[in-house]
Amino acid sequence: MKYGKIAALAASIFAAMIMTGCAAHNAGISKGEAFPQMYEEDPRSILVLPAMNESTDAEAKAYYATTIEMPIAQTGYYVFPMEMVSDVLKQEGVYDTELLYSMSADKFYDYFGADVVMYTRIKKWDVSYMVLASSLTVTIESEAYSTKTNEKLWDYDGSVTVDLTSNSGGGGLAGLLVQAIGTAINTAAADYVEYAHVANARLFFALPAGPYHPAHRTDQGVVIRKR
Amino acid sequence: MKLGMMMKALLPLAAVALMTGCATKPQALYNYGTYSESYYAYKQDTSAENLLAMQQAILTAIENANESVSKRVAPGMYANLGYIYFKQGDTKQAVHYFEMEKSLYPESAHFMDRVIEKVRKAEAKGAKS
């Protein structure tokens, strides 16, 4: 049952990806314009650090960790195993995210051999109940740095709010995406992790395809947002 | 002759379709099976049963790796599996899967070597006491 739900989710994300792919001839910001350094550096691997939790939900950090490996891998990059990474960092005594986030990116090359290190802040992770409706919001901010140059490769703010009673999800592609996913999960119990999946998917389908993806080095022209 | 010409005409079209993503089947690069859900359940409650369920989910995803575009086992899956064996005290299987991760994804070699070294040290310590 759960598997079906995820399959439906994956299918809707891919449908959205295909839609953006087909719209490549329209004027807009392309991947090549949005991420020039990614094409220049051509990184192979991404290390995701344990997230900094600024939301009111104490569990958000742990749950977010369970959603991040897949979208990065599906985009074609090598992603370091989350559970091992966070445990190893704990053992090395740098589990305090404040400390972790103050370290320069090249340190993570020394230890993990990672090309890119990703810092994530969970800003919001909550549900608001109203008389007739309830909605879920997951808001994430992330920044990625090159471990070779310590330069920022990209940053991203993503917020997903889903009205659980109707399927309104806002305008544009993002709205469509949320709508599609909203429909897929509407009947099931509301689950934060589903929304973290959506927020992640939005970020990663915009990124240039990594070395394990068939579109690697050929997707500079794909339009990801309106000009 | 005619067929050859048709092929020539169709090939660029197919190439364009592929590049734009219009022709990609709605199938993922890797098959994760129920890994994410089982990991989530384990995070909610780090019991031995949930660890076992996660191990089973990973084993199944590895078995069904062919049901994906890449036909490969997803990044991190062998490593995550090895780590579960390590938690269960099976260092031999742990190292085996860390080596598998390394050979399938050379990007992990640096990290896996470090982890294998740690396992060896833990083994040596265990043997002495």
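A salt bridge here is a side-chain nitrogen of Lys or Arg within 4 Å of a carboxyl oxygen of Asp or Glu. With that in hand, look at A:Arg44 and B:Glu107, whose side chains form one such bridge between the two chains, at 2.7 Å from N to O. Keep in mind that this is a predicted model.

**Chain A at a glance**

- Chain A has nine helices and eight strands.
- Of its 227 residues, 55% are buried.
- Take the contacts in chain A between residues at least 6 apart in sequence: 71% of them join residues at least 24 apart.
- The accessible surface of chain A is about 9500 Å², and carbon and sulfur atoms account for 55% of that.

**The nonpolar core**

- In soluble globular proteins, nonpolar side chains tend to be buried together.
- Here, the largest nonpolar core counts 83 residues, and A:Phe112, A:Trp154 and B:Phe111 have the most contacts inside it.
- Helix α4 of chain A (residues 60-74) gives this core its largest share, with eight residues.
- What does A:Phe112 touch, leaving out residues up to four places away in sequence? In chain A, the list is A:Leu47, A:Phe80, A:Val85 and A:Leu89, and in chain B it is B:Glu107, B:His110 and B:Phe111.

**Where chain A meets chain B**

- On the chain A side, 43 residues are in contact with 42 residues of chain B.
- The size of an interface is often given as the accessible area lost when the parts come together.
- For chain A and chain B, the buried area is about 3800 Å², with 63% of it on carbon and sulfur atoms.
- Three residues, A:Glu83, A:Met84 and A:Tyr212, supply 18% of the area that chain A buries against chain B, more than any other three residues.
- Polar contacts turn up as well, with 15 residue pairs found across the interface (both residues at pLDDT 80 or more).
- Which parts of chain A each supply at least two residues of the side that touches chain B? They are α1 (2-22), α4, β4 (78-79), α5 (82-91), α7 (106-112) and α9 (192-204).
- Helix α4 of chain A makes the largest share of that side, eight residues.
- The salt bridges between chain A and chain B number four.

**Salt bridges inside chain A**

- Side chains of opposite charge can pair when their charged atoms come close.
- Over all chains, the structure holds 17 salt bridges.
- One of them pairs A:Glu54 with A:Lys123, with 2.8 Å between the closest N and O atoms.
- A:Glu54 sits in the loop between β3 (52-53) and α4, while A:Lys123 is in strand β5 (residues 116-129), so this pair ties together parts of chain A that are 69 residues apart in sequence.
- A:Glu54 is partly exposed at 38% relative accessible area, and A:Lys123 is also partly exposed, at 33%.
- These two also belong to a network of salt bridges that links A:Glu54, A:Arg121, A:Lys123 and A:Glu141.
- A:Lys148 and A:Asp115 make a salt bridge too, their closest N and O atoms being 3.0 Å apart.
- That pair links distant parts of the chain, 33 residues apart: A:Lys148 is in the loop between β6 (134-146) and β7 (152-163), and A:Asp115 is in the loop between α7 and β5.
- A:Asp155 pairs with A:Lys152, where the closest N and O atoms are 2.9 Å apart.
- A:Asp155 is partly exposed with a relative accessible area of 45%, and A:Lys152 is partly exposed at 32%.

**Two buried residues to look up**

- A:Ile46 has its place in strand β2 of chain A (residues 45-48), and it counts as buried because its relative accessibility is 0%, under the 20% cut-off.
- Beyond its sequence neighbours up to four places away, A:Ile46 touches several residues, including A:Ile72, A:Tyr77, A:Val116, A:Met118 and A:Trp154.
- A:Thr66 is found in helix α4 of chain A, and at 1% relative accessibility A:Thr66 is buried.
- The side chain of A:Thr66 reaches the backbone oxygen of A:Tyr63 at 2.7 Å.

Note on methods
Residues numbered from 1 in each chain as written. Chains lettered and ligands numbered in written order. Predicted model: local features only at pLDDT ≥ 70, side-chain atom pairs only at ≥ 80, totals over all residues. Heavy atoms only, no water. Helix = DSSP H or I, 4+ residues; strand = E, 2+ residues; numbered from the N terminus. Buried < 20%, exposed > 50% of the residue type's maximum accessible area, 1.4 Å probe, protein only. Contact = heavy atoms within 4.5 Å. Areas by Shrake-Rupley, 256 points an atom, 1.4 Å probe, with all protein chains shown as cover. Core = buried A, V, L, I, M, F, W, Y, C linked by side-chain atoms within 4.5 Å. Buried area = accessible area lost by both parts, 1.4 Å probe. Polar contact = N/O pair within 3.5 Å; in protein donor to acceptor, adjacent residues only side chain to side chain.
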